[in-house]
Amino acid sequence: MEVIFSVHTASEYLLPQLKFGMNKTEILTVTDFYTISLQEDWIYVDWTGFQLKNSVYAGCEKMLEILKQMKYSKILNDNTHVKGLWEHAWVANDWFPRIAEAGLKHFAWVLSPEELSASLAGQTAAITPAASCIKIFKEVDEAKLWLRSL
């Protein structure tokens, strides 16, 4: 067993962790719009660029499928590379209730640096019936710290 120390600038402290495959990434799906992988004990989704209605539907449905198959309960949804508008009403009113019912307990949502896209994420989190499982972050490292704490 190897003990490592990770520096987390968000909290400015050293955190000892046991190295049992942490930081291991298994890439499951790669498209022009998103990459879905397994990291630590969560599903990691890295959205890229301008999102079309179909790319949002496909990516969200793929997350749902993976969550059900792999029995995961945490997702890190990284929007740091997202630009522009995307289909937030469907995500809030249709997809979030279904993925929560399927077993999602914790959804770490990292905002886009673009104000419009970030605003849509906040609106989505505010109006979905599954809002209690969502926590919004500005930095990926902060989201990872939160997921590790659960």
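1. Helices (H or I, at least four residues) and strands (E, at least two) are DSSP runs, numbered from the N terminus.

2. The model is predicted, so local features need pLDDT of at least 70 and side-chain atom pairs count only at pLDDT 80 or more, while totals for chains, interfaces and linings use all residues. Residues are numbered from 1 along each chain as its sequence is written, and side-chain values use heavy atoms, with hydrogens and water left out.

3. The protein contains four helices and eight strands. Read from the N terminus, the order of elements is β-β-β-β-β-α-β-α-β-α-β-α. Of its 150 residues, 44% count as buried (under 20% relative accessible area; exposed is over 50%, partly exposed in between; 1.4 Å probe, protein chains only). Among contacts with a separation of 6 or more, 64% are accounted for by residues 24 or more positions apart; contact means heavy atoms within 4.5 Å. The protein exposes about 8,000 Å², of which carbon and sulfur atoms supply 55%; accessible areas come from the Shrake-Rupley method with a 1.4 Å probe, and for residues only the protein chains shown count as cover.

4. Strand β5 spans residues 42-50 and includes I43. I43 is buried, at 0% relative accessibility. Leaving out residues up to four places away in sequence, its contacts include I36, L38, M63, I66, L67, I75 and L76.

5. The unit formed by β5, α1 and β6 is a right-handed β-α-β unit. Right-handed means that, with the strands pointing away from the viewer, the path from the first strand over the helix to the second runs clockwise. Seven of the ten residues of β6 are buried, so this strand is largely enclosed by the rest of the structure.

6. Strands β6 and β7 also run parallel, joined by five bridges. The chain passes from β6 through α2 to β7 in a right-handed β-α-β crossover. In this pair, I75 has F107 of β7 as its bridge partner, and L76 stands opposite A108. Strand β7 has four of its five residues buried, so β7 is largely enclosed by the rest of the structure.

7. Just after α2, G103 has a positive phi of about 125 degrees.

8. Which residues of α2 are buried? They are W90, V91, A92, W95, F96 and I99. The cover over the buried residues of α2 includes α1 (53-70), β6 (74-83), β7 (106-110), α3 (115-127) and β8 (134-137).

9. Four bridges join β7 to β8, and these strands run parallel. F107 stands opposite I134 of β8. Together, β7, α3 and β8 form a right-handed β-α-β unit.

10. Two residues illustrate this last unit. S117, in helix α3, is buried, with a relative accessible area of 1%. Apart from neighbours within four places in sequence, S117 contacts V82, G84, W86 and S112. I136, in strand β8, is partly exposed, with a relative accessible area of 35%. Apart from neighbours within four places in sequence, I136 contacts W109, L111, A121, G122 and A125. I136 and F107 are 29 residues apart in sequence and 8.4 Å apart in space, C-alpha to C-alpha.

Conventions: Pairing = 2+ DSSP bridges.
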